Amino acid sequence: MTEKKDFRDSEKKQTEKLVHKLIQAIDEHPDKVNNYYDLGSLLTRLNDYQQAEELFMKALGIFEAKNDQEAQDLLNYGLGNLYYEVGKVDRAIELYNKIKDDKRKADSYLMLAQSYMKKGQHKQAVAYGLTAHELRQEDPAINQVIGDSLLALGEFKQAKQYYDAILKRHPGRADTQFNRGLVAMVLGEPYQDYLTQAKQLDPVYYQKSEQRLNDIEKTLRTTQGD
């Protein structure tokens, strides 16, 4: 117990040190956008959403005044991620759509796909996912969001292609293994190995997702009964 507490205390001190370092970097170089982005993103990860939002908004004001579009794109992306994290998905979508920087396009299309998935608008998610895929075909996160959206739409054969593309290079993804298992089950293919892998890789994720397995099994039994 003491070891765990010591580890948490040490981690907290390291985080506080990093926050302090980034604040200092902003004070010393107020014209460098990455310092604002890094601190805002760290505060978001620490669930300090109010301070992160205030920082991103303040920084956007600074770089809008400078008419620096590249800096604004980076900050809009960071602020969009914050809104996505807290469930303000429409505001996130608005910000991702503002991004013009080619270097950030694949990331913003991926986040748009994930945002539409969160809203349950899977056709839009597929559309943005495919646009991101044109820019980064082997990105597992992009292939995952396309696969998951196609799965939700009942396009199982298409979903299978994207999951297989991920598993060739990233077999250690529990969510991919699990969803590939669901697809295999629906398509009448051997599926147990995928589910076993998912359970071994992330037992908590597997347990949370088990209800989906039961639902699909029930649906298949009903369909086959018909």
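Biologist: Is Lys-119 buried, partly exposed or exposed?
Modeller: This is a predicted model, and the relative accessible area of Lys-119 in it comes to 33%. Buried needs a value under 20%, and exposed one over 50%. Lys-119 therefore counts as partly exposed.

Biologist: Which residue does the side chain of Lys-119 meet in a salt bridge?
Modeller: The N to O distance of the pair is 2.7 Å. A salt bridge requires the nitrogen to lie within 4 Å of the carboxyl oxygen. The partner of Lys-119 is Asp-90.

Biologist: How many residues apart in sequence are the parts that Lys-119 and Asp-90 tie together?
Modeller: Lys-119 sits in the loop between helix 6 (102–118) and helix 7 (122–135). Asp-90 belongs to helix 5 (residues 89–96). The pair therefore ties together parts whose separation in sequence is 29 residues.

Biologist: How many salt bridges does the structure hold?
Modeller: The bridge between Lys-119 and Asp-90 meets the salt-bridge cut-off of 4 Å. For the structure, the number of salt bridges is 10.

Biologist: Where does Lys-160 lie, the partner of Glu-189?
Modeller: The side chains of Glu-189 and Lys-160 form a salt bridge at 2.7 Å, N to O. Glu-189 is in the loop between helix 10 and helix 11 (192–201). Lys-160 lies 29 residues away, in helix 9 (residues 156–169).

Biologist: Are Glu-189 and Lys-160 buried or partly exposed?
Modeller: Relative accessibility is 23% for Glu-189. For Lys-160 the value is 25%. Buried would need under 20%, so Glu-189 and Lys-160 count as partly exposed.

Biologist: Which helices does the pair of Asp-164 and Arg-180 tie together?
Modeller: The two side chains meet in a salt bridge of 2.7 Å, N to O. The residues are 16 apart in sequence.

Biologist: Which residues do salt bridges with shared partners join into one network?
Modeller: Among the bridges are Glu-189 with Lys-160 and Asp-164 with Arg-180. Shared partners link these residues. The network consists of Lys-160, Asp-164, Arg-180 and Glu-189.

Biologist: Which helix holds Gln-177?
Modeller: Gln-177 is buried, with a relative accessible area of 6%. Setting aside residues up to four places away in sequence, it touches Leu-167, Pro-171, Tyr-194, Gln-197, Ala-198 and Leu-201. Its place is in helix 10 (residues 174–186).

Biologist: How are helix 2 and helix 4 oriented to each other?
Modeller: The axes of helix 2 (residues 33–45) and helix 4 (residues 69–85) come within 10 Å. They cross at roughly 5°. Angles under 35 degrees count as roughly parallel, so helix 2 and helix 4 are roughly parallel.

Biologist: What is the make-up by class of the contact of helix 2 with helix 4?
Modeller: Residues of helix 2 in this contact include Tyr-36 and Tyr-37. Those of helix 4 include Leu-74 and Leu-75. By class, the contact has 8 nonpolar, 4 polar and 1 charged residues.

Biologist: What is the handedness of the crossing of helix 6 and helix 8?
Modeller: The axes of helix 6 and helix 8 (residues 140–152) come within 10 Å and cross at roughly 30°. That makes the two helices roughly parallel. Their crossing is left-handed.

Methods
Residues are numbered from 1 along each chain as its sequence is written. This is a predicted model: local features need pLDDT of at least 70, side-chain atom pairs count only at pLDDT 80 or more; totals for chains, interfaces and linings use all residues. Side-chain values use heavy atoms; hydrogens and water are left out. Helices (H or I, at least four residues) and strands (E, at least two) are DSSP runs, numbered from the N terminus. Buried means under 20% relative accessible area, exposed over 50%, partly exposed in between (1.4 Å probe, protein chains only). Contact means heavy atoms within 4.5 Å. Axes are lines fitted to C-alpha atoms, for helices over the stretch in contact, and angles run from 0 to 180 degrees between N-to-C directions. Angles under 35 degrees count as roughly parallel, over 145 as roughly antiparallel, 65 to 115 as roughly perpendicular and the rest as oblique. Ala, Val, Leu, Ile, Met, Phe, Trp, Tyr, Cys and Pro count as nonpolar, Asp, Glu, Lys and Arg as charged, and the others, Gly among them, as polar. A crossing is left-handed if the near helix is turned anticlockwise from the far one by less than a right angle, and right-handed if clockwise.
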